Amino acid sequence: MPSPTLPQPSLLLTPGQLLDVATRLLAAAGAGAEDAAQVAAHLVDANLAGHDSHGVGMIPQYVRAIRGGVLDPRAHAEVEDRGPAVLAVDGRRGFGQVVASEAIRAGVARARDTGVALVALRNASHVGRVGAYGLQAAAAGFASVHFVNVVGHGALVAPFGGSDARLSTNPICIAIPAAGGKPPVLLDFATSRVALGKVRVALNRGEQVGEGVLIDAAGRPTTDPHVMFEEPRGAILPLGLHKGYGLALACELLAGALCGGGTVPTVPHEPDRITNNMLSFVFDPARLPGFGRLGEELAAAVDHVKGSPPADPAHPVLVAGEPELLARAGREAHGVPLERATWDQLVEAGRSVGLALQAPA
Ligand code: NAD
């Protein structure tokens, strides 16, 4: 275990090097060539967007899940038509990145006819960065709202007022397609103070997390990321007190209960299993009365909020989706830092499936 007080040195990889490592690892673990490339592209994209919590550092967990029989690397989504605008999708424990993008593709196709589609995905392995599906719909000109719950492993997040973990990090995403010369607005976050992967990244970097993010197994505040990875485990606190807790419970019911994949108390825990259920509303903004002026309104609203004088001159006001675009520009130009502990975990995952990885020169 790295010491929490000693930062770990990083490697710097180009996006191409990271993509190559990720694709080879996933293929060695049993994914077909196309699926390995798709999952790798999603993960590297998350790294480029600055969300290392949902980048290639997830691969060791995926490899363990495949070896443990809880992730089927060859499975594809099964789409069931349940009415004019309703699709139920069984992810069949396939890679979340593969089956969720199949679900959204089906939702976009349906919403072209119906104006709006409700897509109920269940039983997907970890879908990764939910914003990827908002962007997928936005690229086709569609707006979308996504509610996600997480089952199949121990709870991670304490309910507001509680002292142990009962829910998971249940993310929410709202995406509005590009208009008025502005990029898509992409709101995409966990309903907990941070995603678990961010605690893992802090652990791997030998860093502490911020105040007010974690409690230990006794319910006491702590900044030590080890409490989420060692028994007896602590919990992440919900985002925004009772409000984030309320949203997390809504995700549990909309995504878990209504999509049919279940909730934390009803789904058995299995080693290395992370299952996501996702309820997505995908709709065609061109069907709405404001569409003709959307570009003008969106540009005006974005310029208006960004025009607020920054409280700290070094940090101008940003709009959701913008931090990720800025991170991408920086990392495409200068490379993606990967902490040594994460690299070592990738090497170990490769070894477990017969692949010898060399650190890129
Ligand atoms: P986060 O706290 O970094 O918040 C990201 C969101 O806030 C983005 O929409 C971003 O554009 C916006 N944002 C950030 N800084 C901003 C600023 N200064 N001004 C305006 N907007 C700003 O995200 P997180 O909660 O750590 O989640 C990270 C990722 O983890 C997300 O992509 C999420 O989907 C994913 N996640 C997935 C699962 C799963 O089970 N699959 C679970 C939890 C989280």
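Biologist: Which residues of H1 are buried?

Modeller: Leu18, Val21, Ala22, Leu25 and Leu26. Buried means under 20% relative accessible area, with a 1.4 Å probe and protein chains only. This is a predicted model: local features need pLDDT of at least 70, side-chain atom pairs need 80 or more, and totals for chains, interfaces and linings use all residues. Numbering runs from 1 along each chain as its sequence is written, and side-chain values use heavy atoms, without hydrogens or water.

Biologist: What covers the buried residues of H1?

Modeller: The cover includes strands E1 (10-13) and E12 (336-339). Helices H2 (33-48), H3 (59-67) and H10 (340-352) are also included. Contact here means heavy atoms within 4.5 Å.

Biologist: And what follows H1?

Modeller: Gly30, with a positive phi near 125°.

Biologist: Switching to the ligand. Which side chains have an N or O atom by a ligand nitrogen atom?

Modeller: His54, at 3.1 Å, and His126, at 3.4 Å. A polar contact is a pair of N or O atoms within 3.5 Å.

Biologist: What about a ligand oxygen atom and the backbone?

Modeller: One is 2.8 Å from a polar backbone atom of Leu186.

Biologist: Which element gives the most to the shell around the ligand?

Modeller: E7, with four residues.

Note on methods:
Buried < 20%, exposed > 50% of the residue type's maximum accessible area, 1.4 Å probe, protein only. Helix = DSSP H or I, 4+ residues; strand = E, 2+ residues; numbered from the N terminus. Polar contact = N/O pair within 3.5 Å; in protein donor to acceptor, adjacent residues only side chain to side chain.
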